[in-house]
Amino acid sequence: MMSALEIAAAVRAGSLSARSTVDAALDRIAEVNPRINAFTAVYHQRARREAEAVDRQVAAGRNPGPLTGV
(Lines give C-alpha, C1' and ligand atoms only; values in the text may rest on other atoms or scores of the structure.)
Protein backbone atom coordinates (compact mmCIF):
# COMPACT_ATOMS: atom_id res chain seq x y z
CA MET A 1 0.00 0.00 0.00
CA MET A 2 1.32 3.43 -0.94
CA SER A 3 1.49 6.28 1.55
CA ALA A 4 -0.41 9.51 0.91
CA LEU A 5 2.83 11.25 -0.02
CA GLU A 6 3.73 8.48 -2.48
CA ILE A 7 0.28 8.64 -4.09
CA ALA A 8 0.49 12.41 -4.44
CA ALA A 9 3.97 12.24 -5.96
CA ALA A 10 2.90 9.53 -8.42
CA VAL A 11 -0.16 11.54 -9.50
CA ARG A 12 1.91 14.70 -9.97
CA ALA A 13 4.47 12.70 -11.97
CA GLY A 14 1.75 11.20 -14.14
CA SER A 15 2.63 7.60 -13.28
CA LEU A 16 -0.69 7.19 -11.45
CA SER A 17 -3.93 8.90 -12.35
CA ALA A 18 -6.09 10.69 -9.83
CA ARG A 19 -9.08 8.94 -11.41
CA SER A 20 -7.64 5.47 -10.71
CA THR A 21 -6.88 6.51 -7.13
CA VAL A 22 -10.45 7.72 -6.63
CA ASP A 23 -11.87 4.59 -8.23
CA ALA A 24 -9.81 2.40 -5.88
CA ALA A 25 -10.99 4.38 -2.87
CA LEU A 26 -14.62 4.21 -3.97
CA ASP A 27 -14.31 0.45 -4.54
CA ARG A 28 -12.91 0.03 -1.03
CA ILE A 29 -15.69 2.14 0.46
CA ALA A 30 -18.29 0.01 -1.34
CA GLU A 31 -16.63 -3.14 -0.04
CA VAL A 32 -16.18 -2.16 3.60
CA ASN A 33 -18.73 0.50 4.43
CA PRO A 34 -21.75 -1.82 4.65
CA ARG A 35 -20.05 -3.47 7.65
CA ILE A 36 -18.53 -0.45 9.38
CA ASN A 37 -20.86 2.37 8.29
CA ALA A 38 -18.09 4.98 8.43
CA PHE A 39 -19.53 7.04 5.57
CA THR A 40 -23.05 8.41 5.60
CA ALA A 41 -22.68 9.96 2.14
CA VAL A 42 -20.30 9.23 -0.71
CA TYR A 43 -20.18 11.62 -3.65
CA HIS A 44 -19.04 9.27 -6.43
CA GLN A 45 -19.69 11.53 -9.40
CA ARG A 46 -18.18 14.61 -7.77
CA ALA A 47 -15.05 12.70 -6.72
CA ARG A 48 -14.57 11.30 -10.23
CA ARG A 49 -15.19 14.69 -11.84
CA GLU A 50 -12.62 16.38 -9.59
CA ALA A 51 -10.09 13.58 -10.18
CA GLU A 52 -10.48 13.99 -13.93
CA ALA A 53 -9.83 17.73 -13.54
CA VAL A 54 -6.62 16.93 -11.65
CA ASP A 55 -5.55 14.51 -14.38
CA ARG A 56 -6.13 17.23 -17.00
CA GLN A 57 -3.96 19.66 -15.01
CA VAL A 58 -1.15 17.11 -14.74
CA ALA A 59 -1.41 16.32 -18.47
CA ALA A 60 -1.11 20.05 -19.18
CA GLY A 61 2.09 20.24 -17.15
CA ARG A 62 0.62 22.09 -14.18
CA ASN A 63 1.28 21.10 -10.57
CA PRO A 64 -2.15 20.81 -8.92
CA GLY A 65 -0.76 20.81 -5.38
CA PRO A 66 1.19 18.81 -2.81
CA LEU A 67 -1.59 16.35 -1.89
CA THR A 68 -3.06 15.93 -5.34
CA GLY A 69 -4.80 12.61 -5.76
CA VAL A 70 -5.02 11.83 -2.07
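Visitor: Which residues of helix H1 are buried?
Guide: A word on the model first: it is predicted. Buried here means under 20% relative accessible area. In H1, which spans residues 4-13, that picks out Ile-7, Ala-8, Ala-10 and Val-11. These residues cover an arc of only 165 degrees around the axis, so they sit on the same side of H1.

Visitor: Which residues are exposed on the other side of H1?
Guide: Exposed takes over 50% relative accessible area. On that other side, Leu-5 and Ala-13 are exposed.

Visitor: What do the buried residues of H1 pack against?
Guide: For packing, look for heavy atoms within 4.5 Å. The buried residues of H1 pack against two partners: helix H2 (18-36) and H3.

Visitor: What happens just after H1?
Guide: Check the backbone angles there. Gly-14 has a positive phi, about 85 degrees.

Visitor: Now the whole chain. How many helices and strands does the protein chain have?
Guide: Count the elements, then read their order. There are three helices and zero strands. Along the sequence the pattern is α-α-α. The C-alpha atoms fill a box of roughly 40 × 25 × 15 Å along the principal axes.

Visitor: What share of the residues counts as buried?
Guide: Of the 70 residues in the protein chain, 26% are buried. The accessible surface is about 5,000 Å², and carbon and sulfur atoms hold 55% of that surface.

Visitor: Which residues is Thr-68 in contact with, leaving aside neighbours within four places in sequence?
Guide: Thr-68 is in contact with Ile-7, Ala-8, Val-11, Arg-12 and Val-54. Ile-7, Ala-8 and Val-11 are among the buried residues of H1.

Visitor: What does the side chain of Thr-68 reach?
Guide: Look for polar atom pairs. The side chain of Thr-68 reaches the backbone oxygen of Gly-65 at 2.8 Å. A polar atom of that side chain also lies 3.2 Å from the backbone oxygen of Pro-64.

Conventions: Residues are numbered from 1 along each chain as its sequence is written. This is a predicted model: local features need pLDDT of at least 70, side-chain atom pairs count only at pLDDT 80 or more; totals for chains, interfaces and linings use all residues. Side-chain values use heavy atoms; hydrogens and water are left out. A polar contact is a pair of N or O atoms within 3.5 Å; within protein, one must be able to donate a hydrogen and the other to accept it, and residues adjacent in sequence count only if both atoms are side-chain atoms. Helices (H or I, at least four residues) and strands (E, at least two) are DSSP runs, numbered from the N terminus. Buried means under 20% relative accessible area, exposed over 50%, partly exposed in between (1.4 Å probe, protein chains only). Accessible areas come from the Shrake-Rupley method with a 1.4 Å probe; for residues, only the protein chains shown count as cover. The arc is that of the directions from the helix axis to the C-beta atoms.
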